[in-house]
Amino acid sequence: MNKEKVKRILDVFDDMYPDAKCELIHRNELELLIAVMLSAQTTDASVNKLTAHLFEKYHTVEDYANAPLAQLESDLHTIGLYRNKAKNVKAMAEKLLADYHGVVPCDYDALQTLPGVGRKTANVVVSEGFQVPAIAVDTHVERISKRLGFAFKKDSVLTVEKKLQKAIPQERWIKTHHQMIFFGRYHCKSMNPSCQNCQLIDICKEPKRKKYL
Ligand code: SF4
């Protein structure tokens, strides 16, 4: 994608969502990591509802590592995939204690050694928790990238991430990541996007956009 087009898109994002930010409520890196792990295939609103209680009950890495699995499952049962998430949160806390002195690492590769932590989660934690430039590709970022022509429809999540990193200036990665999520969550939704008042319709590659007008 040429530089003018990228600038145009980023300007529209700035205009629409100047204050876009992470919507997962957290007070420290551990809570951020857990909230992101819990958010897989679940809305941020459901995670925030759950963590409002969870973070009052569990405070330290030890609290999660020492909790009986059945108890953690019960504490997470309001969100999807809760059994798997409980298992991963407990195993993640155990590994943090065993290998990282109980501290969430700020290193992308180290984060990915933790159970249940993949590329997307690691990217969110380094960028949101430690201000390390990164672009996490979730379902919204992938869809928007393909509709706006940063990537092709057939591209894998990893290819989308690399293409975004190449097209967008590094100092804009963190901000643009949040803006793309807002754009996807509130404007360019998967079903029924707001094409009728979209400032980017002329460059959009979504074949069905005319149907949405
Ligand atoms: Fe999304 Fe529609 Fe805008 Fe394309 S024209 S970016 S599909 S809202």
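This report describes the domains, pockets, cavity and salt bridges of a predicted model.

**Domain arrangement**

The protein chain is divided into two parts: domain 1, made of 3-20 + 135-212, and domain 2, covering 29-130. Between the C-alpha centres of domain 1 and domain 2 the distance is 28 Å. Domain 1 brings 11 residues to the contact, and domain 2 brings seven residues.

**The largest pocket**

The largest pocket holds about 690 Å³ of space. Its lining is made up of 30 residues, and those nearest the centre are Ser39, Ala40, Thr42, Asp44 and Lys120. Two or more lining residues come from each of α2, α3 (44-57), α6, α8 (119-130), α9 and α11. Helix α11 gives the largest share, with five residues. By residue class, the lining of the largest pocket contains 10 nonpolar, 13 polar and seven charged residues. Because domain 1 (3-20 + 135-212) and domain 2 (29-130) both contribute to this lining, the largest pocket lies between them.

Asp44, one of the residues nearest the centre of the largest pocket, is found in helix α3. The relative accessibility of Asp44 is 16%, and the residue therefore counts as buried, the limit for that class being under 20%. Apart from neighbours within four places in sequence, Asp44 is in contact with Glu23, Leu24, Ser39 and Arg185. For Asp44 and Leu24, which are 20 residues apart along the chain, the C-alpha atoms are separated by 5.8 Å.

**Salt bridges**

The model contains 17 salt bridges. Side chains of opposite charge can pair when their charged atoms come close.

| Salt bridge | N to O distance |
|---|---|
| Arg185 and Glu23 | 2.3 Å |
| Glu206 and Arg147 | 3.0 Å |
| Glu73 and Arg83 | 4.0 Å |

Two contacts of Asp44, Glu23 and Arg185, also form a salt bridge with each other, their closest N and O atoms being 2.3 Å apart. Arg185 belongs to helix α11 (residues 173-187), whereas Glu23 sits in the loop between α1 (3-16) and α2 (29-38), so this pair ties together parts that are 162 residues apart in sequence. Arg185 is partly exposed, with a relative accessible area of 22%. Glu23 likewise counts as partly exposed, at 26% relative accessibility.

Glu206 and Arg147 are joined by a salt bridge of 3.0 Å, N to O. Since Glu206 is located in the segment after α11 and Arg147 in helix α9 (residues 139-147), the pair ties together parts that are 59 residues apart in sequence. Glu206 is buried at 7% relative accessibility, and Arg147 is buried with a relative accessible area of 8%.

Arg83 is exposed, with a relative accessible area of 52%.

Beyond these pairs, a network of salt bridges links Asp14, Arg172 and Lys175.

**The second largest pocket**

The second largest pocket contains about 490 Å³ of space. It is lined by 20 residues, and Lys146, Arg147, Ala151, Phe152 and Lys153 are the closest to its centre. At least two lining residues are supplied by each of α9 and α10 (157-167), and α9 provides the largest share, four residues. The lining of the second largest pocket divides into eight nonpolar, two polar and 10 charged residues.

**The enclosed cavity**

The model has one cavity of 30 Å³ or more. The volume of the largest cavity is about 100 Å³. Its lining comprises 14 residues, of which Cys188, Pro193, Cys195, Cys198 and Cys204 are the closest to the centre. In terms of class, nine of the lining residues of the largest cavity are nonpolar, two are polar and three are charged.

Technical notes: Residues are numbered from 1 along each chain as its sequence is written. This is a predicted model: local features need pLDDT of at least 70, side-chain atom pairs count only at pLDDT 80 or more; totals for chains, interfaces and linings use all residues. Side-chain values use heavy atoms; hydrogens and water are left out. A salt bridge is a side-chain nitrogen of Lys or Arg within 4 Å of a carboxyl oxygen of Asp or Glu. Buried means under 20% relative accessible area, exposed over 50%, partly exposed in between (1.4 Å probe, protein chains only). On a 1 Å grid over the protein atoms alone, a cavity is a set of points where a 1.4 Å probe fits but cannot get out, and a pocket is an open set with protein on both sides within 12 Å along at least five of seven lines; lining residues have an atom within 4 Å of a point. Grid points are joined across faces, edges and corners, and a volume is the space filled by probe spheres set on the points. Ala, Val, Leu, Ile, Met, Phe, Trp, Tyr, Cys and Pro count as nonpolar, Asp, Glu, Lys and Arg as charged, and the others, Gly among them, as polar. Domain bounds come from an automatic or database domain assignment. Contact means heavy atoms within 4.5 Å.
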